[in-house]
Amino acid sequence: MHGKFITIEGTEGVGKTTNIEFIQAWLNSRKLDFVSTREPGGTPLAEQIRELLLTPRKEKVSNSAELLLMFAGRAQHLDHVILPAIQSGRWVLCDRFTDATYAYQGYGRGMDKALIAQLEQLVQADLRPNLTLILDIPVEIGLKRASQRSTPDRFEREQTEFFERVRQGYLSIATESPERCVVIDASQPLEDVQRDIAEALNDFLAREQS
Ligand code: Z5A
C-alpha cells in the first residue's frame, strides 16, 4: 500500500497531543512505517516561522501576514518532509494542516476562503489528506483543559467567540468533506475518545485495503 496522509485537527484543549501518541501506537501495531510531524512547523525553517506566529507581540500581526506565514511554513514542510515521505511509501501523521488555515484564518479571522483555496492550490497542487480526524469539544471545556498548561501563546489569547467560529468552521469542513473527515467527540473520557479514534483508523485501513 502507498503511504497515506493522516491529519488531526481541533480547537484549543481538544487533546491532539494526547491522542497523537495513541495514533502513533496504532500505526506501530500495524507495522506501518510513518513520519509524525506538525504544523505550523516540521522543518527547522518552518519551526522558526512557528515561533514568529505563536509568540505574543505588541505589533499587531495583520491577517494577511499570518495567512502567508502559515503557507510559507507549509511549502517548506511539504517539500522537505511530507512529499518525500509519501513518495517513498511512508505514512504521514500531521498535527494540523490546511483545514486549520480554513478554520482559524478563514472562519476565525474572517479571511476569504476563496483566497485560502488559491494559496492551497499554489502550495499543495492536488495533495490533500486521505483521512482527517477532527476532535470536537465545546469551546468552554476545551479552554478549561488548556488553561492548565503554561503561558498562553498568541492564538490562545483570543476570545471565546473566536474559538466558537473556529469550531463551527471545523464542523462545516467535516460536512463538506465527509469522505475524508471523521468528527470525534473529544469531550468524552479519554478511553472513549481513543476507542472512537481506533474505530475510524480501522475503518480507513479496511477501505484502503479492499
Ligand atoms: N494554526 C492556525 O491558525 N492556522 C494553521 O494553518 C495552523 C495552525 C496549522 C498552534 O497549534 C496554533 O496554530 C493553534 C492554531 C494555529 N492555536 N491554537 N489554539 P498547536 O496545534 O501547536 O497548538 P494547540 O492547539 O495548543 O494544540 P496541543 O498542544 O496539541 O493542545 P491540545 O489539543 O489541547 O492537546 P493536549 O495538550 O493533549 O490536551 C490538553 C489537556 O487536556 C491536557 O491536560 C490533557 O491531559 C487533557 N485531556 C486530553 N484529552 C482529555 C480527555 N478526553 N478528558 C480529559 N482531559 C483530557
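The largest pocket of this predicted model is lined by 41 residues, and Glu12, Lys16, Arg96, Arg149 and Glu156 are those nearest its centre. A pocket here is an open set of points on a 1 Å grid over the protein atoms alone, where a 1.4 Å probe fits, with protein on both sides within 12 Å along at least five of seven lines, and lining residues have an atom within 4 Å of a point. The space in the largest pocket comes to about 990 Å³, a volume being the space filled by probe spheres set on the points, which are joined across faces, edges and corners.

Among the elements that each supply at least two residues of this lining are helix H2 (44-54), helix H3 (63-87) and strand S2 (34-38), while H1 gives the most, with five residues; helices (H or I, at least four residues) and strands (E, at least two) are DSSP runs numbered from the N terminus.

Strand S1 (residues 5-10) runs parallel to S3 and is joined to it by four bridges, with isoleucine 8 opposite aspartate 95. Strand S3 (residues 91-95) has five of its five residues buried, that is, under 20% relative accessible area with a 1.4 Å probe and protein chains only; Trp91, Leu93 and Asp95 lie on one side and Val92 and Cys94 on the other.

Residues are numbered from 1 along each chain as its sequence is written. Local features need pLDDT of at least 70, side-chain atom pairs count only at pLDDT 80 or more, totals for chains, interfaces and linings use all residues, and side-chain values use heavy atoms, leaving out hydrogens and water.

Note on methods:
Buried means under 20% relative accessible area, exposed over 50%, partly exposed in between (1.4 Å probe, protein chains only). Two strands pair if DSSP finds at least two bridges between them.
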